[in-house]
Amino acid sequence: MENKHENSPNNLPSQDKHLINSKEVYPSKICDLANPEVWKEHIKEMEDTSKAKELSRQFFKIKSANDWLTEAKSQKPPKMLFGEFWHTNELCILFADTNLGKSILAVQIGNSISKGLAIGNFKLEQEKQQVLYFDFELTSKQFEIRYSKKSEDGEYLVDHFNFDTNFNRVEINPDAEIPEGKGFEEHLNDSLEKSIVETQAKILIIDNITYLNHENEKARDVLPMMKKLKALKSKYDLSLLALAHTPKRDLSKPITRNDLQGSKMLINFVDSCFTIGESHQDTHLRYLKQIKARNTEIVYDSEKVATFQILKQENFLKFDFIKFTSEGEHLKQITDDDRDKLIEEVKALNQNGMSQREIAAKLGISLGSVNKYCRL
């Protein structure tokens, strides 16, 4: 006699019971195994999952142009975070020479986003939200000095700036131990991702990118680092601003993408890039120039750079906008005496056995100029 209950959950093998009870397989309904439609649906779900996994392993994603447009319709258009310089969902690099104020501007941008208040006339289209500022440059005391005032007797720091609770500063814990079998950089990257997961922050500022990979002058070493950042950006829907250095450069020439350390590889991977230039009009003046943009046209080029002065207003060190100028107004003017001294220095270094490439890097001039000066 046929057993009417042979398909009941109680008579099934343990692995099948697991499928019935698993919320991962059937999250919203109770299974009726006697119903053929349930099995058909289950098989279809398994096939769809298998197809999805197969697609995830494919290197190329091929769709018609119309399908790509349909997919893009569901995505929000990028919003300005700091005018045309940086937008949401961008991996952006801000680069400059040492001591030109990269960290000052980066904190100012982070503070702006955390409070939902634009910096001057540079638009902020995103509502206030949480910011993770990874500070690999300053100690907590150095940070405090920038965002407080000295007491009248100069002995204490008082009237500290009131950051929004959305602004989170992160630094490396010197007492933390690196897990066995992991290198410093691998553990740093893993910890960075863990911080994103724990805080759910969508805005990341990294000061500076050198700490993620100490060999960012070499293309083969830059590639894994940039892949990691792009993967994090896509995985967690991030807007990421990374600070970087520029090697010594010729201050009489406009700043270009070639002035970014490890430029060829870094520039290829980022969505946007801008730089801080030093003004030879005044040591307190700086200018901002766009180097690369994907979500906007280049607004701030050599003919129209944004000129700022660095000042401390009460208890907040910041970039204070002055006006738009041409980059040429800020560049160093080379005199005949300057050129003669440079030629002598190039020849002296060459005679001491330094290669032309090393001379170019040391003096911040082109390899072609070094070659020409050595032949004079």
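The model is predicted, so local features need pLDDT of at least 70 and side-chain atom pairs count only at pLDDT 80 or more, whereas totals for chains, interfaces and linings use all residues. Residues are numbered from 1 along each chain as its sequence is written, and side-chain values use heavy atoms, with hydrogens and water left out.

The protein contains eleven helices and 13 strands, where helices (H or I, at least four residues) and strands (E, at least two) are DSSP runs numbered from the N terminus. Of its 376 residues, 39% are buried; here buried means under 20% relative accessible area, exposed means over 50%, and partly exposed lies in between, with a 1.4 Å probe and protein chains only. The accessible surface, computed by the Shrake-Rupley method with a 1.4 Å probe, comes to about 22700 Å², and carbon and sulfur atoms account for 49% of this surface. Among contacts (heavy atoms within 4.5 Å) between residues at least 6 apart in sequence, 62% join residues at least 24 apart.

The buried residues of H6 are Leu188, Asn189, Leu192, Glu193, Ser195 and Ile196. Seen down the helix axis, these buried residues fall within an arc of 150°, so they line one face of H6; the arc is that of the directions from the helix axis to the C-beta atoms. The face turned away from this buried side carries the exposed residues Lys194 and Glu198. After H6 comes glutamine 200, whose phi is positive, near 65°.

A nonpolar core is a set of buried Ala, Val, Leu, Ile, Met, Phe, Trp, Tyr and Cys residues joined through side-chain atoms within 4.5 Å. The largest such core has 38 residues, of which Phe82, Trp86, Leu105, Ile109, Leu241, Phe274 and Leu288 touch the most other members. Helix H4 (residues 102-115) gives the most to this core, with six residues. When residues up to four places away in sequence are not counted, phenylalanine 82 touches Leu105, Ile109, Ile119, Phe122, Lys123, Phe274 and Leu288. Another core, of 35 residues, lies apart from the largest one and has Leu91, Leu229, Leu260 and Val270 among its members.

The structure holds 13 salt bridges, each being a side-chain nitrogen of Lys or Arg within 4 Å of a carboxyl oxygen of Asp or Glu. In one of them, aspartate 164 meets lysine 128 at 3.0 Å, N to O; this pair links distant parts of the chain, 36 residues apart, with aspartate 164 in the loop between strands S6 and S7 and lysine 128 in the loop between H4 and strand S4. Aspartate 164 is buried, at 17% relative accessible area, whereas lysine 128 is partly exposed, at 43%. A further salt bridge joins glutamate 193 and lysine 235 at 2.9 Å, N to O. Glutamate 193 belongs to helix H6 and lysine 235 to helix H7 (residues 219-236), so this pair ties together parts that are 42 residues apart in sequence. Glutamate 193 counts as buried, with 15% relative accessibility, while lysine 235 is exposed, with 56%.
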